[in-house]
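Please look over the sequence and the model shown here before reading the notes on secondary structure, strand pairing and side-chain contacts.

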Amino acid sequence: MKYNIKQISILIIILVVIGSLISYILQSKNNTPVPEKGNIVATNELAEVIAIKPIEMCYDLSDKTSRGFYDKALIKMQITGDKVIGEFKDIPSEKDSKVGKFEGTVGLLNKETMSRRANLLWDSEGEGMSAKEELIIDFGDGSAVVGYGEMVDNGNNVYVYKDKTKLIFSKNMSQIDCGTLDEKVSVEKYIKDNITTIAKEKAVLGGSWYVISVFVNPSKNTADVIFEDGHIQNKAQIIYTYTKEDGVIKIDKVTKII
């Protein structure tokens, strides 16, 4: 069978159109959509779920008091989409401490303050007591603040803010690398647990050394410590080595401060 030029041209056009359609269909099947928000991606054809790594954010406060002690607080957060889990420790130098884990949700960015608000339920523990409490944290790049206010039982053994419009916010907590914050916490705990062997002098009258204040400076690998045995009080600066890979701590030098 012979074809004229017109028939051949039409056949070529049809083949080109079919080829374009096949290419478009194959490309659509192979493309994976990129999410703008949230923590999952679903393909068009399959119910595949791909987890996105949570964002870690940490904040720290070490505020020296007139007596030479430190009011401390820390926040560790893991944010996945609009969900957040983490830990808040409120450790004033001469008042009761409260620590515990939290979970909740994170709101959108406030463009005026350049911060986001975390609405949380905090499992707090302090002085041998535990409670579930509402907790609000406003945070952003560089700093975070915690909301304090009068609390009331909501009838389900959960303490909530009586009036959120009257919250008083804490001093700014500075953002800190989470690994550096872990170092501070680990070194402080090590010194508290081992002060009896770290101290150069022996405790007197049958007493035992215990730490009443410690400030760790990871940038200098130093810790300023105040400790006593119930009779006398000493101050010292400790130089330490911290291995991040395995968390090993070594005391290199202890210098008494008079």
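The model is predicted, and side-chain atom pairs are counted in it only at pLDDT 80 or more. The protein contains 2 helices and 15 strands, and 31% of its 258 residues count as buried. Among the contacts in the protein with a separation of 6 or more, 37% are made by residues 24 or more positions apart. The accessible surface amounts to about 17,200 Å², and carbon and sulfur atoms contribute 55% of that area.

- An open sheet is formed by 4 strands in the order β12-β13-β14-β15, with antiparallel pairing; its edge strands are β12 (210-217) and β15 (248-257), each of which pairs on one side only.
- From one strand of this sheet to the next, the twist averages 25°.
- Strand β14, which covers residues 233-243, is joined to β15 by 9 bridges in the antiparallel sense, and within this part of the model Y242 stands opposite I249 in β15.
- Helix α2, made up of residues 178-198, lies across β12, β13 (222-228), β14 and β15, and the helix runs at about 140° to β12.

**Pairing among β4, β5 and β6**

- Strand β5 (residues 116-126) pairs with β4 in the antiparallel sense over 8 bridges, and T105 has N119 in β5 as its bridge partner.
- On the pairing of β5 with β6, the two strands run antiparallel and are joined by 11 bridges, with W122 standing opposite E133 in β6.
- The strands β5 and β6 form a hairpin that has 2 residues between them, and E127 in the turn has a positive phi of about 55°.
- As a general point, strands of a sheet pair through backbone hydrogen bonds, in either a parallel or an antiparallel arrangement.

**Salt bridges**

- A search of the whole structure finds 15 salt bridges, and the pairs described in this section are among them.
- E94 and R67 form a salt bridge in which the closest N and O atoms are 2.3 Å apart; this pair links distant parts of the chain, since E94 lies in the loop between β3 (83-91) and β4 (98-106) and R67 in the loop between β1 (55-64) and β2 (70-80), 27 residues apart.
- Of these two partners, E94 is partly exposed, with a relative accessible area of 45%, whereas R67 counts as exposed because its relative accessibility of 53% is over the 50% cut-off.
- E133 and K98 meet through their side chains in a salt bridge of 2.4 Å, N to O, and the pair links distant parts of the chain, with E133 in strand β6 (residues 129-139) and K98 in strand β4, 35 residues apart.
- The relative accessibility of E133 is 10%, so this residue counts as buried, while K98 counts as partly exposed at 32%.
- D123 forms a salt bridge with K132, and the closest N and O atoms of this pair are 2.6 Å apart; D123 is partly exposed at a relative accessible area of 37%, and K132 also counts as partly exposed, at 36% relative accessibility.
- K72, E188 and K192 are linked in a network of salt bridges.

**Aromatic pairs**

- The structure holds 3 aromatic pairs, including that of Y70 and F215, which is stacked, with 4.7 Å from centre to centre and 10° between the planes.
- W209 lies in the loop between α2 and β12, and F227 lies in strand β13, so their pair ties together parts of the chain that are 18 residues apart in sequence.
- Both W209 and F227 are buried.

Technical notes. Residues are numbered from 1 along each chain as its sequence is written. This is a predicted model: local features need pLDDT of at least 70, side-chain atom pairs count only at pLDDT 80 or more; totals for chains, interfaces and linings use all residues. Side-chain values use heavy atoms; hydrogens and water are left out. Two strands pair if DSSP finds at least two bridges between them. Axes are lines fitted to C-alpha atoms, for helices over the stretch in contact, and angles run from 0 to 180 degrees between N-to-C directions. Contact means heavy atoms within 4.5 Å. A salt bridge is a side-chain nitrogen of Lys or Arg within 4 Å of a carboxyl oxygen of Asp or Glu. Buried means under 20% relative accessible area, exposed over 50%, partly exposed in between (1.4 Å probe, protein chains only). Rings of Phe, Tyr and Trp (its six-membered ring) pair if their centres lie within 6.5 Å; planes under 30 degrees apart count as stacked, over 60 as edge-to-face and the rest as tilted. Accessible areas come from the Shrake-Rupley method with a 1.4 Å probe; for residues, only the protein chains shown count as cover.
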